[in-house]
Amino acid sequence: MLKSKQLLKQFAKEYANFAPANFQLKRALVVTKLSRYELEQLRHPELTREQLEQKLRDRGTDVEMVLYLHNLHKDFERRIVQSFQDVGCEVKLSSRSSLSKDVMSWADVIVPVGGDGTFLLSANRASPLFALSQQKTPIVGFNSDPQRSAGRLLLPKYFSENPEEAVSRIKSGDFKWMHRSRIRTTMLGSNGKIPESTDLFRHTAVKMEQVDTAPEMLDEHMANKYKAKMKRILPYLALNEVFIGEHISARVSHLQLVLDHQDLVNKTKCSGLCVSTGTGSTSWHTSINRITSSDVDDLLKSLPNSDSPDVLRLRENVDEIAQRYNQGLLFAPDDPRLCYSIREQICVGVWPSPSTFKARDFVQSVFIKSHCIDANLVIDGSISYPFNDGAKVLLEICPEDALLTIALD
């Protein structure tokens with residue numbers, strides 16, 4: 001952990017000359033959200049607008065609300081574009097399907113407009129691995145519907161009402177940099193091939209953009225330890241989490257884990273594995289591990305001295321106890337550690353092996369081998385790779401992969 005922190009500090013020093021006051025903003029790439037209405041249009045390209053809306057009504061969908069939210073986003077999107085143009089920026093618009101390495105290399109700043117999902121999409125693509133470049137392009141996100149979306153990764157809701165002020169401050173260098181750690185995913189195997197990936201939003205194959213990078217040979221120690229010859233880094237860096245599990249959620253996921261390159265192999269049967277960053281600790285990580293007030297109350301009632309005055313006083317504060325516990329699940333966005341969580345680990349008979357294997361812990365790296373039947377490795381809930389019996393992967397955080405974001409108070 002100490003080494004990782006030193007690397008992170010060294011990485012920060014390299015960007016010391018990239019001070020906010022020295023940031024030159026000339027070209028902004030606005031990444032647009034895929035609205036529910038646009039998603040339905042993609043799913044039914046053969047239908048006219050009238051036919052599509054009738055189909056949605058027949059399904060019981062509130063078409064007026066769908067159109068209202070679509071128009072709300074588009075109006076806000078135009079306002080963001082105008083705000084950047086007003087400070088002298090050239091602006092390009094990009095959608096999920098047109099977000100390529102070429103258009104990202106053009107931009108001085110990437111501006112996702114929508115919700116956290118749009119921000120995650122941009123972060124996946126704004127990667128030196130994806131773009132085949134060492135260019136570090138910062139990201140700043142705007143929440144297009146703060147009344148219905150928390151937008152944890154986006155600028156505060158105040159700037160949804162006042163985007164012109166935000167853009168003016170960015171242009172003048174009146175902001176702070178924030179580094180967010182991301183997970184690097186490295187496939188290990190015999191030939192270095194990357195399996196075909198799927199875009200889970202459009203349910204279509206994703207054209208790989210990392211076509212020019214060659215697989216690398218593993219050093220002798222790693223090759224012997226993990227019984228593999230070559231490695232291949234996936235082009236998508238996870239800002240929130242990497243999830244591994246059976247495609248059918250009712251099926252048990254059988255996985256082997258090696259933590260921090262130790263000699264111990266941990267075997268588990270569970271409902272899947274979630275490996276999270278500090279940024280992702282506010283998301284799925286917390287949902288998996290959080291407890292409720294009733295959980296606390298049930299635990300206190302199970303104590304032998306449950307009727308004692310001390311326990312009764314604690315039972316009067318179950319809400320506060322649960323809140324403190326859940327708050328303790330969070331860790332900093334720039335934390336160099338990963339936190340893995342085993343979902344619903346089977347704890348009977350020989351499982352897990354060893355019996356002391358923790359269902360959740362902080363690590364520097366985690367190696368996973370699959371013994372699943374029809375499993376997937378999913379990056380930020382967006383990009384999916386098959387991960388079936390015999391597949392191997394190494395998850396780790398590298399300081400140079402950190403996402404550079406713009407923060408405003």
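Which residues does Ile 368 touch, not counting residues up to four places away in sequence? Let's begin there, with the structure up on the screen. Please keep in mind that this is a predicted model.

Here is the list. Ile 368 touches Ile 244, Leu 255, Gln 256, Leu 257 and Leu 273, and also Phe 387, Ala 391, Lys 392, Val 393 and Leu 395. Now let me put that residue in its setting. The largest nonpolar core has 31 residues, and Ile 368 is among the members that touch the most others, together with Leu 257, Val 366, Leu 377, Tyr 385 and Leu 395. Apart from that core lies another one, of 23 residues, including Val 81, Phe 84, Ile 170 and Leu 408. As a bit of background, nonpolar side chains in soluble globular proteins tend to be buried together.

Let's zoom out to the whole chain. The secondary structure comes to 14 helices and 21 strands. For a chain of 409 residues, a compact globule would have a radius of gyration near 22 Å, and this chain, at 23 Å, agrees with that. If you like to think in boxes, the C-alpha atoms fill one of roughly 65 × 60 × 50 Å along the principal axes. Of the contacts with a separation of 6 or more, 76% are between residues 24 or more positions apart. As for charge, there are 52 positive and 51 negative side chains, and the centres of those two sets lie 4 Å apart.

Helix H6 covers residues 116-125 and is mostly covered, with eight of its ten residues buried. The buried ones are Thr 118, Phe 119, Leu 120, Leu 121, Ser 122, Ala 123, Asn 124 and Arg 125. So when you click along H6, please notice that Arg 125 is on the buried list, because its relative accessible area falls under the 20% cut-off.

On to the loops, where the backbone gets interesting to look at. Between strand E15 (338-342) and strand E16 (360-363) you will find Pro 352, and Pro 354 is in that loop too. The peptide bond from Trp 351 to Pro 352 is cis, with omega near -10°. The bond from Ser 353 to Pro 354 is cis as well, with omega near 0°.

Next, two residues with positive phi. Lys 227 is not a glycine, yet its phi is about 55°. Asp 380, also a residue other than glycine, has phi near 50°. Which of the two is buried, and which is exposed? Lys 227 sits in the loop between helix H10 (220-226) and strand E10 (230-233), and its relative accessible area of 65% makes it exposed. Asp 380 is in the loop between strand E18 (375-379) and strand E19 (383-386), and at 7% relative accessibility it counts as buried.

Last stop: Ala 19, in the loop between helix H1 (2-14) and strand E1 (27-32). With a relative accessibility of 25%, Ala 19 counts as partly exposed.

Key: Residues numbered from 1 in each chain as written. Predicted model: local features only at pLDDT ≥ 70, side-chain atom pairs only at ≥ 80, totals over all residues. Heavy atoms only, no water. Core = buried A, V, L, I, M, F, W, Y, C linked by side-chain atoms within 4.5 Å. Buried < 20%, exposed > 50% of the residue type's maximum accessible area, 1.4 Å probe, protein only. Contact = heavy atoms within 4.5 Å. Helix = DSSP H or I, 4+ residues; strand = E, 2+ residues; numbered from the N terminus. Rg over C-alpha atoms; globule rule 2.2 N^0.38 Å. Lys, Arg positive; Asp, Glu negative; His and termini not counted. Charge placed at Lys NZ, Arg CZ, Asp CG, Glu CD.
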